[in-house]
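Work through the exercises below with the sequence and the structure in view. Try each task before reading its solution.

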Amino acid sequence: MPVSMAVNQNIVELEYAVRGPIPQRAAELARAGRRTIPCNIGNPQALGQSPITFYRQVLSFLEAPTALARERRFRGAFDANSSAFLGVDESDFVDPWVIEYCEKMLGHLGSGIGAYTDSNGPAFIREAVAGFIDRRDGADSGSGVPADPDSIFLTNGASEAVRFIIDLLISDAADGIMIPIPQYPLYSATIKKAGGAQVEYHPDEEKGWTLDRAILDDAICRARDRSITVKAIVIINPANPTGAILPAEGALEVVDFAEENRLAIIADEVYQDNLYGAEFVSFAKLVGKRDIPLFSLHSTSKGFHGECGRRGGYVEIRNPIDIEGADVRLRDLFFKQASVALCSNTTGQALTYIMVTPPPEGSPPHGRYQREKETILSALQDKATMIREAFEEMREVECFGRTGAMYLFPRLGRLPGGKTDFDYCMALLEETGLCTVNGSGFGQRPGTHHLRIAFLPPKEMLDQVLPDWIAFHNAYVQ
Ligand SMILES: Cc1ncc(COP(=O)(O)O)c(C=O)c1O
């Protein structure tokens, strides 16, 4: 007879729709040989997005420093006597600038990438991240507050940073974290696992998922009526699942709100490069010199980088909270959490370094890097437009807000009696192979129905599947 034990009920109850029953059914269909299109998750390389060449060149030389030494030797021999190398020209070698970049990194790493690093990540990478934040926010030219490398922690993707923050802030069941609805289920799941309370606020869908003070005030008042101590507010900008990009005025209202209510801001900025012409203003810049605790997150998974499997990312902490009842600093507690896992994975750390120090303008690999980046971002924008155009041919489907991140979150205004958005997405999968996620998996206003689609499939695949989706939809909802 199997041994039976009680287990953590929070884990039993937590839900994670992006890996839930619909994707699980898609996996079954794929195993049975059906064509499926995994639009349930922002995993660009699973849908054929090419990695940035520069990233992979550097990573491969970090993995195999002997190949780097060999490349240098052969290049030296070629430069000395190119006529001895029949059929070989300069383009067969990796650019010396790249070789030097890798050698510099290996020099900093000392023991290569196979050794544990400091728990918060190597200092040279944290310094590079701080430099990136300062350039992005203009703090390097005197405006704003420079980032402190010692307040940066390299993490296994942004997901781990979210766990560190929420596990630390939730001290009992009455502690709450404000999250947008709809939200990326990492937040609800992590709050649930930590045993805290989810405090929902509802961006205004019809105004493009924007925010104002009344929305935030209403949410915090309702939480206080339930005797919840609200500790922090999560802002995902650009947003997942809605793709909305928060205008600077809305973001400033969040900053004022956090200051007045003495909350920390958790700014999830993993989509800061997925803007498609809109402007991104970081919360670090908006907070400026105000004494508001801020955790900002970034990742190598999203943007045009798309290296989800590498698990690179960081959290930057500003204006750390004082810890009540203990003579310890927030930073020490983060360090302790990071130490429990010894360090984040070194490939992710290396990729974080490469992401924040790409080839600068004027360097030989810059042109190709820039071209690849622009190609990926403009294809993403085109694909979002193709899907939006398909919505126009579907009865009572509306998609609010401008395009950001990697997702569209259309409202299904009409479903057959008794059917939910989960039923719709499951039927869509069975009929067309398109794997999306039901809106209820992210939270939504009662009585509304949505789905989320990641706009990642290649255009040719969209050309094939969108007409099928339109036909499916109009037949399903009639
Ligand atoms: C808003 C948001 N935050 C965090 C993450 C986690 O990213 P990572 O791969 O860096 O853990 C995701 C992943 O999709 C996301 O959409």
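The exercises that follow concern a predicted model, and they treat a helix pair, the cavities and a pocket.

**Exercise 1. Describe how helix α9 and helix α10 are placed relative to each other.**

Solution. 
- Step 1: Find the helices. α9 covers residues 213-225, and α10 covers residues 248-261.
- Step 2: Take the distance and the angle. The two axes come within 10 Å and cross at roughly 30 degrees.
- Step 3: Classify the angle. Angles under 35 degrees count as roughly parallel, so α9 and α10 are roughly parallel to each other.
- Step 4: The crossing of α9 past α10 is right-handed.

**Exercise 2. Which residues of α9 and α10 meet, and how do the residues of this contact divide by class?**

Solution. 
- Step 1: On the α9 side, list R213, L216, D217, I220 and R224.
- Step 2: On the α10 side, list E253, V254, D256, F257, E260 and N261.
- Step 3: Sort the residues of the contact of α9 with α10. There are 4 nonpolar, 1 polar and 6 charged residues.

**Exercise 3. How many cavities of 30 Å³ or more does the model have, and what lines the largest cavity?**

Solution. 
- Step 1: The count is 2 cavities.
- Step 2: The largest cavity holds about 180 Å³ of space.
- Step 3: Its lining consists of 17 residues; nearest the centre of the largest cavity lie P180, P203, W209, I236 and A239.
- Step 4: By class, the lining of the largest cavity has 13 nonpolar and 4 polar residues, with no charged ones.

**Exercise 4. Which element gives the most residues to the lining of the second largest cavity?**

Solution. 
- Step 1: The second largest cavity contains about 40 Å³ of space.
- Step 2: It is lined by I133, R136, E269, Q272, S296, L297, H298, Y314 and E316.
- Step 3: At least two lining residues come from each of α6 (123-137), β7 (294-299) and β8 (313-318).
- Step 4: β7 gives the most, with 3 residues.
- Step 5: The lining of the second largest cavity splits into 3 nonpolar, 3 polar and 3 charged residues.

**Exercise 5. What lines the largest pocket?**

Solution. 
- Step 1: The largest pocket has about 720 Å³ of space.
- Step 2: It is lined by 20 residues, and K231, R262, I321, D322 and E324 are the closest to its centre.
- Step 3: α7 (157-169), β5 (229-236) and α10 each give two or more residues to the lining of the largest pocket.
- Step 4: This lining has 12 nonpolar, 2 polar and 6 charged residues.

Definitions and conventions
Residues numbered from 1 in each chain as written. Predicted model: local features only at pLDDT ≥ 70, side-chain atom pairs only at ≥ 80, totals over all residues. Heavy atoms only, no water. Axes fitted to C-alpha atoms, helices over the stretch in contact; angles between N-to-C directions. Helix = DSSP H or I, 4+ residues; strand = E, 2+ residues; numbered from the N terminus. Parallel < 35°, antiparallel > 145°, perpendicular 65-115°, else oblique. Left-handed = near helix turned anticlockwise from the far one by under 90°. Contact = heavy atoms within 4.5 Å. Nonpolar A, V, L, I, M, F, W, Y, C, P; charged D, E, K, R; others polar. 1 Å grid on protein atoms, 1.4 Å probe; cavity = no way out; pocket = protein on both sides within 12 Å on 5 of 7 lines; lining within 4 Å. Points joined across faces, edges and corners; volume = space filled by probe spheres on them.
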